[in-house]
Amino acid sequence: MRFLIAMGAACVMVLPASAQFPQAKPARSLVQFATSLSQRMFLPGEAIELELKLLNNSGGPLTFSPEDGWLDVIITALVKPTGEGALVDRLKPVVVRETFTMQHTDAARTLVDLAPAFDLRRPGLYRITAMMSYRGGTAPVTAEPLTINVVPGYKLAELEFGLPRTDPDAPLEVRKYSLQQLTLTEPREMRLYVTVSDEAEEIIFRQIKLGRMAGSDKPPTRLDRLSNLHVLHQAEGGRHFVHSVVSPRGDVLVRETYETVGARPGLELNADGMVTVKGGIRRPRPDDILPAKLKPIEGEVRVKP
């Protein structure tokens, strides 16, 4: 039987033995452990979702819980071509927050975000090494290390603004929106991001991925009276434009798609201080309301926390 256990920000999926499982690094262990990433290039502050994959051949059930401390991750900043480097400062432990049980021959997968747990603000090459331990194991099992590249994006626009205040006597806090472009090599695509930071860009409050974009696009931006940032970018492919609204705290409030009819759609500031899309035809899409819900795997059973 195939089922999904969801708690907190991560989810664990336990699959039957017949499910395809990638080969882990050979080790003298009855539990195989491997990791993977969907991309290898990231902006500073971007979520780095590491996928953990386990296969239980121990002969009996194994239970993993946050209290066990079964997962450990270290990240090394590579400073030499030989792969030598210094450990990156850990800000907090990397924890899979739900408890799950694997029967004999079960495989399991889950995602953990490494960005909040490590200081990865500086561009450079980093090596991620994950280790897991289990009841009855003689030593931790180490997955094959992965290398990532943290790079600065190409800044298309920036806009400073004052954070809205409920108390007029409170001191003014200035933040900055930065519109950034990142060209990935694996997978090969161009992505558009909005960065919400402090005025000096020393603190990144949120790194928001708006989606794929056309390479020659220069997306217009407007600020409404609530200090929300409106962006209208040309999606990969040409005829469709995505209108995104990001709040001063980095939440995506709106995502909607327009198709061109004649001239390119634009952003217009109304008399009441709100921003609307001018031109084009609204084309509803399943991902118009964010965050988009994860599509269930065929035949799975979801267990709510």
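Two strands count as paired if DSSP finds at least two bridges between them, and strands themselves are DSSP runs of E, at least two residues long, numbered from the N terminus. Residues are numbered from 1 along each chain as its sequence is written, and side-chain values use heavy atoms, with hydrogens and water left out.

On those terms, β15 (residues 174–185) and β16 (residues 188–198) run antiparallel and share eleven bridges, with Leu-184 sitting opposite Glu-189 of β16. Both belong to an open, antiparallel sheet of four strands, ordered β14-β15-β16-β17. β14 (154–162) and β17 (204–212) are the edge strands; each has a single partner, so one side of each has no neighbour in the sheet.

A second open sheet, again antiparallel, lines up five strands as β18-β19-β20-β21-β24. Here the edges go to β18 (221–223) and β24 (281–282), each with a single partner strand. Further in, β20 (residues 240–246) and β21 (residues 252–259) pair antiparallel over seven bridges, and Phe-241 faces Tyr-258 of β21.

As for confidence, pLDDT (the predictor's confidence in each residue, from 0 to 100) averages 85 for the protein, and 85% of the residues score at least 70. Residues 1–10 fall below 50, with 35 contacts (heavy atoms within 4.5 Å) beyond near neighbours in sequence. Residues 290–305 also stay under 50, with 23 contacts beyond four places in sequence. Where pLDDT is low, the predicted coordinates should not be read in detail.

Conventions. Predicted model: local features only at pLDDT ≥ 70, side-chain atom pairs only at ≥ 80, totals over all residues.
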